[in-house]
Amino acid sequence: MLFSVLRKVNFLFGGFAVKMDAFHFDDVIKVHKVNFNGSKYDKVSRIEAESQDGNTFCQLVIIRELYSVHPNELYRMVISEVDKENPDESDFAGYLPEGKQKSPADQFEFIMQGKVYNVSTDTSGSDTKAVVHISFGGLQFMLKSDPAKLQRFKRGQRVLLLMTKV
């Protein structure tokens, strides 16, 4: 199953390891808007955020009960490729026995696994922007930034979104 929401619990990602040295995106974002959807989708929120330098914009649909995000707060957001070819148990938070080395993922409060389903270019504004769309089991994420900043994303990649409040 693509959708794996994890919050400081043991996780294995179906045999995938985190390429913690292969970040596709690593920035501090400021949440500008949190929309609480009504009707049957009352447990999810659409978050709109921007990087501190103003060059990156993102929208993320998130389940509020799993991770609470508020306007005007800062979060470190990292997107890392899932390493299917070289699984290494040291990359799994909570998997190691007591007293063993911790995973780099331990420094994050919220982690979701998803798949890149579209990479495109937006030329509608004054600057050309790369646009990446990722699905986290139906929860949608859109990231728009300078093409050089998003060049590592490829359609079909499995990725992890890692977030923590700054």
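## Basis of the description

A residue is called buried at under 20% relative accessible area, exposed at over 50% and partly exposed in between, with a 1.4 Å probe and protein chains only. The model is predicted: local features need pLDDT of at least 70, side-chain atom pairs count only at pLDDT 80 or more, and totals for chains, interfaces and linings use all residues. Residues are numbered from 1 along each chain as its sequence is written, and side-chain values use heavy atoms, with hydrogens and water left out.

## Aromatic cluster

Rings of Phe, Tyr and Trp (its six-membered ring) pair if their centres lie within 6.5 Å; planes under 30 degrees apart are stacked, over 60 edge-to-face and the rest tilted. The count by this rule is three aromatic pairs. In one of them, the ring centres of Y67 and Y75 are 6.1 Å apart and the planes stand at 70 degrees, so this pair is edge-to-face. Y67 and Y75 are both buried.

Y67 also forms a stacked pair with F110, at 4.9 Å centre to centre and 15 degrees between the planes. Strands (E, at least two residues) are DSSP runs, numbered from the N terminus, as are helices (H or I, at least four). Y67 lies in the loop between strand 4 (57–63) and strand 5 (74–83), and F110 belongs to strand 6 (residues 110–122), so their pair ties together parts that are 43 residues apart in sequence. F110 is buried, as is Y67. Through ring pairs, Y67, Y75 and F110 are linked into a cluster.

## Nonpolar cores

A nonpolar core is a set of buried Ala, Val, Leu, Ile, Met, Phe, Trp, Tyr and Cys residues joined through side-chain atoms within 4.5 Å. The largest such core has 31 residues, and those with the most contacts inside it are I79, I134, F141, L143 and F153. Two or more residues are given to this core by each of strand 2, strand 3 (44–51), strand 4, strand 5, strand 6, strand 7, strand 8 (139–145) and strand 9 (158–165).

Contact denotes heavy atoms within 4.5 Å. Neighbours within four places in sequence aside, F153 is in contact with H24, F25, I79, V116, V119, V132, I134 and L143. A second, separate core has seven residues, among them V78, V82, F108 and L160.

## Strands 3 and 4

Six of the eight residues of strand 3 are buried, and the strand is thus mostly covered. Two strands pair if DSSP finds at least two bridges between them; strand 3 and strand 4 pair in the antiparallel sense over seven bridges. I47 has L60 in strand 4 as its bridge partner. The two strands form a hairpin with five residues between them, and G54 in the turn has a positive phi of about 80 degrees.

Beyond its neighbours within four places in sequence, D27 is in contact with S51, Y75, R76, M77 and K149.

S135, in strand 7 (residues 129–136), counts as buried at 17% relative accessibility. A polar atom of its side chain lies 3.2 Å from the backbone nitrogen of G138, and a polar contact of 3.4 Å joins the side chains of S135 and Q140.

Methods:
A polar contact is a pair of N or O atoms within 3.5 Å; within protein, one must be able to donate a hydrogen and the other to accept it, and residues adjacent in sequence count only if both atoms are side-chain atoms.
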